[in-house]
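Please open the model in the viewer and keep the selection panel at hand.

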Amino acid sequence: MRIEERRRHDAPARAVTRPSALWLLPLALLAVPLVTNDYTQYIVNLTLVYVLVGVGFNVVVGNLGQLAFANAAFYGIGAYTAAILLYHYKMPLLLAIAGAGVVGGLAGALVALPALRGIRSFYLAILTLAFGELMRWVYINADAWTLGSMGMHVPRPVLFGYVLASEKQKFYLFLVIVTLLVAATANLLRSKVGRAFTAIRDNELAAAAMGIPTARYTILAFAWSGLVVGTAGALYAVLVRQVSPEAFGLLELILHFGIVVIGGLANLAGSVLGAVVLTLAPELLRDLPGYEELLIACLMIAILLVLPGGLITVLDRLRLTLLFRERYHRA
Amino acid sequence: MLGQLVVSGVAQGALYALAALAMTVVYRATTVVNFGQGDFVMAGAFVVYVLVVLAGTPFIAAGALSIALLCAFGWAVYRGLIRPILAGPHLALAMMAVAIGYALRGVARLLWGREVLPFPKVVPQGSFIVGSTVVSASDLVVTGGVVVTVLALSLVFYATPLGKTAQAVFQSERGAALVGIDVAAFQGTMWAVAAGMGAIAGILIAPITLLYPDLAAATLIRGFAAMTLGGFGSFLGAAVGGVLLGVGELFVGAYLSSRLIEITSYLIIILVLLIRPSGLFGKKITVRV
Amino acid sequence: MLWKISSFVAVALVGIAGPAFAEERTGVTDTAIKVGVPGPLTGPNASFGAAIHGIQAYYQWVNEKGGVHGRKIEVIVGDTACNEARGIAVAKKLISQDQVFLINGGVCSGVALAMRPIIEESGVPWVISTAVNQKISAPLAKNIFHASQTSEAAGHALANFVLSKPGAQRIGIIAHTNEWSKGYRDPMVAALKERGVTPAAEVTIERGQSDATAQVLRLKESSLDFVVAILYEPEIVVFLRDAHKLGLKVPKLGALGADFLNTEKRLGSREPMEQFFQLFQFKDLMDGPGMKEAREIIEPRLPAGEKVTDFTFYGPGSAAAIVHVLNKIGRDLTREKFIAEVENLKDFDTGMLAGKLNYSPDNHQGAKDLYTIGYDQSGKLVVYRSWDKRAEM
């Protein structure tokens, strides 16, 4: 009994992020289109997009621990890249989405450079905020490509000759892409690279002293974040089919903050949870217009104060409690 | 035209300087950048509106009351929300500041989101001409208001016991605690001061921009640009940076293109941080292990 | 979290288990006609949501009088927060979950453009109440009708008014960089070009900016005959104030982004408003006899504490047209009949909007008339057709 208790204390609260649990979710989700209508399916699709947003953001902000607030910028860069590739160059869908990811990754690497030069903490935050707003100015003024403030209309997505006309059809594409990227991120975080991120976050000098190539891994983290969030932007472009500058400003960034803080910083499952909560909130709070902003802010404050691990820790504690009860009964 | 640009630019820049100064106060006292400062400005203006329009308070009293209320709010925010996590990662502090600002905006939008409210008239409308330059009464009030605030702060900083405490804590928080200074109380006071300055800024800005929940979004970024240009943590830098930014924006708009006004602050932030992160008057940034 | 997801799934299940009406009669029951009303109730553009409340008030009045052929209008409002992703959610919800008979609304042009493909594909009739961008209803879609004046009409109105001033050759523009401003600016510049005039100066000002000194100085340098200011209300106030302060003494013309009298109130004095005109989408001044009936219908039925602005009346004109059409059709109501009957609508006076609504199978943009208001030499507020001609009321 005592030995089991000790193991329980030592076991990190990773239960929900274990491989078996994570793979179950996409398989279960395959059945979702059976029970949704066009509207609810759209909300599910939007949630998937924000899952990627949260997962990508968390890598830099949670795991690496940098105050890189360029997430809305990566999102917009991805969306506009996909829109430009689809609209101006008539590229095939998957290629356009991949292109958005690549450009997002490059943008991420670019944003990593100031971080490498020692710009940290609040300085980095302000720098990346300025970068995001600068990008919005670019979207508005580079109107030969972006069609300016009118926004770009994205043509209907066509996959291998089939038009993805309905939300249900888009869902399968999104599910595959999101699952692949989330799984890849999970692998990355669980590998020595991921552990290096945490080491860098906790004490960069010590990490460097231990032989971790901090510069290389920092760029990698930023680039990966840019790639994932850029891909999310591409999916947004395919989903909403109207990409305009207003959608990628500070209000959008606050939504991204909400996802990672409320879900759980440095926790992959937390990003998923955060995305679900923040996408569903406006729909569920439909009858209380205007409260949603305030509720999200208060939730963020509450979590930062008393539950810094995010709402996901509640789920983990629930699972551990159930586990405890099970073992207790068995004994 | 040059003279006009300078005069109007200084008046605009004074507001940016005020925002930057408030954020510098908080930064020096607690090494936190208050991302919610813009919303303190908005809150101060809204409180005055409520008092004057809904409760019929005369304007001066309403202004004073708003400053006092915001001071109390700033102190409460520090004690209740900032201090508990002050020892933690900077990320949490930044997020907390963002969330506080967002909450203030949420309240404002809930109550008054559907209208753009007129602000009670503060200043006589007139203006007078010096040479070919027009100086409006509002320009004078804003610049004057900011100058008075800065002078008052300087007076407090250099000539009062509170100021001595501030200098001590700014030099070494640990050392100050060791000699018996109540650092927590001091930091709370500084947050109160910054919030009060936000209220002042709100009272000065709102007659110009009118009152709506997103009032201060622009001011926040410009405050950052002013702080960056002047050098993080430097009061003189914040003031000078603000004025330079205000004048710079107008020069860019008049001589280059009005489309570039918006990105002046972004470019200043990016270029300064990449080329000379300590800005004009700031200390060199050291990374503490 | 889990119960929230399951309850959401439950709602979704209910959503698909809806009534199996023939699509033509979806949203119509024995006692009710469901009308979806999308618009921004929250977010930074919530002040334009006044139009939504105006629409709700109008339908409430209709219901108080007994409804339409024994059916009440059941209004289902959807908050878009002026955000494209949310707007699409609202559109899909109204169509697939609430299963409305028709949609009457749309305020933010960007959101309306995003909603267009979805609504067009669904076949649900959409009568645009407020959003201005003419691309929402053009190219022609069978089920989409524009009941407010489009940006195309507004652009032409701006150009016409400006050029109706004798000798007006050098035109300056100050605008935002967003799609709303562009929606006015592009058709206006095209209309000016048709008459051989190119803008002599163009400046921009961002939303939230509190100073227009640089912009006014640039405009002053260009020796202009007229300045067109395509700005929202806070920025119009800033511009007029700075123009007055710095001596930009040319006539100025504004678009449909501000309430004229509110603008004057915020400026605090008459002087900056002299020589300032604004496009006017209504049939009479707010306190004039032409708007009396509309005000009696709408104002008492607004939510408590709601301030009445021009925007309150910028939506219900479309509702009036809809109710008129529903009444004409009678009890046997289908979507096809609705569309056909709107296409038949000629010379319809909404009781609020300037001019009359005119539709045909080829023309779904029914509102082409726009006036202009401004103070005349004697200080009286007047509605103009052109620089020298007043509108007959």
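A polar contact is a pair of N or O atoms within 3.5 Å; within protein, one atom must be able to donate a hydrogen and the other to accept it, and residues adjacent in sequence count only if both atoms are side-chain atoms. By that rule, six residue pairs (both at pLDDT 80 or more) are in polar contact across the interface of chain B and chain C.

The model is predicted: local features need pLDDT of at least 70, side-chain atom pairs count only at pLDDT 80 or more, and totals for chains, interfaces and linings use all residues. Residues are numbered from 1 along each chain as its sequence is written, chains are lettered from A and ligands numbered from 1 in the order in which they are written, and side-chain values use heavy atoms, with hydrogens and water left out.

**Chains B and C**

Select the two sides of this interface: 34 residues of chain B and 31 residues of chain C are in contact (heavy atoms within 4.5 Å). The buried area, meaning the accessible area (1.4 Å probe) lost on putting two parts together, summed over both, is about 2800 Å², with 56% on carbon and sulfur atoms. Next, display C:Lys245 and B:Asp139, whose side chains form a salt bridge (2.8 Å, N to O); the term requires a side-chain nitrogen of Lys or Arg within 4 Å of a carboxyl oxygen of Asp or Glu. The count of salt bridges between chain B and chain C is one.

**The hairpin of chain B**

Move to strand 1 (residues 127-130) and strand 2 (residues 133-136) of chain B, which pair in the antiparallel sense over four bridges. Strands here are DSSP runs (E, at least two residues), and helices are runs of H or I of at least four, numbered from the N terminus; pairing needs at least two DSSP bridges. B:Val130 lies opposite B:Thr133 of strand 2. Two residues separate the strands, and B:Gly131 in this hairpin has a positive phi near 70°.

**Chains A and B**

Now select the 40 residues of chain A that are in contact with 44 residues of chain B. Between these chains about 4000 Å² is buried, 80% of it from carbon and sulfur atoms. Highlight A:Phe122, A:Tyr123 and A:Ile126, which supply 20% of the area that chain A buries against chain B, more than any other three residues.
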